[in-house]
Amino acid sequence: MNYISINDIDNLSEWVNEAIDLKKDPYQYQGLGKNKTIGMLFFNNSLRTRLSTQKAAMNLGMETIVMNFGSEGWALEFEDGVVMDQGKSEHIKEAAQVISQFCDVIAIRAFASLKDKEKDLAEEVLTAFVKYASVPIVNMESSVAHPLQALADAITLEEFKGVQKPKVVLSWAPHPKALPHAVANSFIEMMQKQDVDFVITHPKGYELNPEVVKDAIVEYEQDKAFANADFIYTKNWSAFNDYGKVISQNRNWTITKDKMAKTNNAKFMHCLPVRRNVVVADEVLDSENSLVIEQANNRTYAAQIVLKKILSSQKS
């Protein structure tokens, strides 16, 4: 099995509860990964994803190989039929097959370029590895999805929800750089699988992919969206229609104590890294209602339940 998107989760509540159980004894399945190797390939930078996935593999008894393609690997060619007389030294056809000989699982992190919408939506890097590799593939964040983060978010929500059907708000916030849509996309898809009252709020012009948003409620007035919310999940993203553009950096959308006061004493969530006093004020990020450290901790158990499922499927 692969873990490419949250749609690869066959039973979300079961996975979440298993992950929470893993936290009680992270080493209970160490024999499952004995003599198994995970190859972690990074085409982009990482902190939480790299360390948590590596820790998860170690908890299961796996060996880890880490490679940074930006500085360590040959530049890969992904197009078929191309005459390779320019800067690309190796084709994905050979690279994926060779790496598969060294690893039992391949995990890949490759961000969107935010320059070519069609190419980003096609998930060039991830799709090529799925096509040519002969071992399971795990998505450590791709052009349009971050399913490990979304699973960690689902675990966090389950642990901290105070009511059966909480109100969860995904709020855009300003950022000085153009950022991808992957985290927002996967969080939306995860919320659509949950029993929650879900609202997306952002300034006009920052609409996300309608194929992802579907019939989710979108509210353009942030204060109205925040009313009676139990969780505020904040993330910046660039424009989807005017692809990759920063239309505005409206600081009125920064998450402040006054904004949070409009909620039902909501918990604050963010995937990290976060720019303090741009995306969110210190007073919110450092408050007792901030769950960002707990979210980061759950990244290990999200990755561990994914790897456990993959290893179990290999044994069967």
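What percentage of the 316 residues in the chain is buried? In this predicted model, buried residues account for 53% of the chain. The chain comprises 12 helices and 11 strands, and its radius of gyration is 20 Å, close to the 20 Å that the globule rule gives for 316 residues, so the chain is as compact as a globular protein of that length. Along the principal axes, the C-alpha atoms occupy a box of roughly 55 × 50 × 35 Å. Of the contacts between residues at least 6 apart in sequence, 78% link residues that are at least 24 apart.

Five of the strands form an open sheet with parallel pairing, arranged in the order β9-β8-β7-β10-β11. The edges of this sheet are β9 (217-219) and β11 (267-269), each of which pairs on one side only, and the twist from one strand to the next averages 25 degrees. Strand β10, which spans residues 231-234, is joined to β11 in the parallel sense by three bridges; phenylalanine 231 has lysine 267 in β11 as its bridge partner.

Two helices that contact the sheet can be described in turn. Helix α6 (residues 147-160) packs on the sheet through β7 (167-171), β10 and β11, and its direction makes about 160 degrees with that of β10. Helix α7 (residues 182-191) lies across β7, β8 (197-201) and β10, and runs at about 165 degrees to β7. Nine of the 10 residues of α7 are buried, so this helix is largely enclosed by the rest of the structure. The buried residues of α7 are Ala182, Val183, Ala184, Asn185, Ser186, Phe187, Ile188, Met190 and Met191. Their cover includes the strands β7, β8 and β10 together with the helices α1 (12-24), α6 and α8 (210-213).

Arginine 48 is found in helix α2, which covers residues 48-59. The residue is buried yet has no salt bridge, and the nearest side chain of opposite charge, that of glutamate 141, is 9.0 Å away, whereas a salt bridge would require a side-chain nitrogen of Lys or Arg within 4 Å of a carboxyl oxygen of Asp or Glu. When neighbours within four places in sequence are left aside, the contacts of arginine 48 are with Thr53, Cys271, Leu272, Pro273, Ala296 and Arg299.

Key: Residues are numbered from 1 along each chain as its sequence is written. This is a predicted model: local features need pLDDT of at least 70, side-chain atom pairs count only at pLDDT 80 or more; totals for chains, interfaces and linings use all residues. Side-chain values use heavy atoms; hydrogens and water are left out. Two strands pair if DSSP finds at least two bridges between them. Helices (H or I, at least four residues) and strands (E, at least two) are DSSP runs, numbered from the N terminus. Axes are lines fitted to C-alpha atoms, for helices over the stretch in contact, and angles run from 0 to 180 degrees between N-to-C directions. Contact means heavy atoms within 4.5 Å. Buried means under 20% relative accessible area, exposed over 50%, partly exposed in between (1.4 Å probe, protein chains only). Lys and Arg count as positive and Asp and Glu as negative; His and the chain ends are not counted. The radius of gyration is taken over C-alpha atoms; the globule rule is 2.2 Å times the number of residues to the power 0.38.
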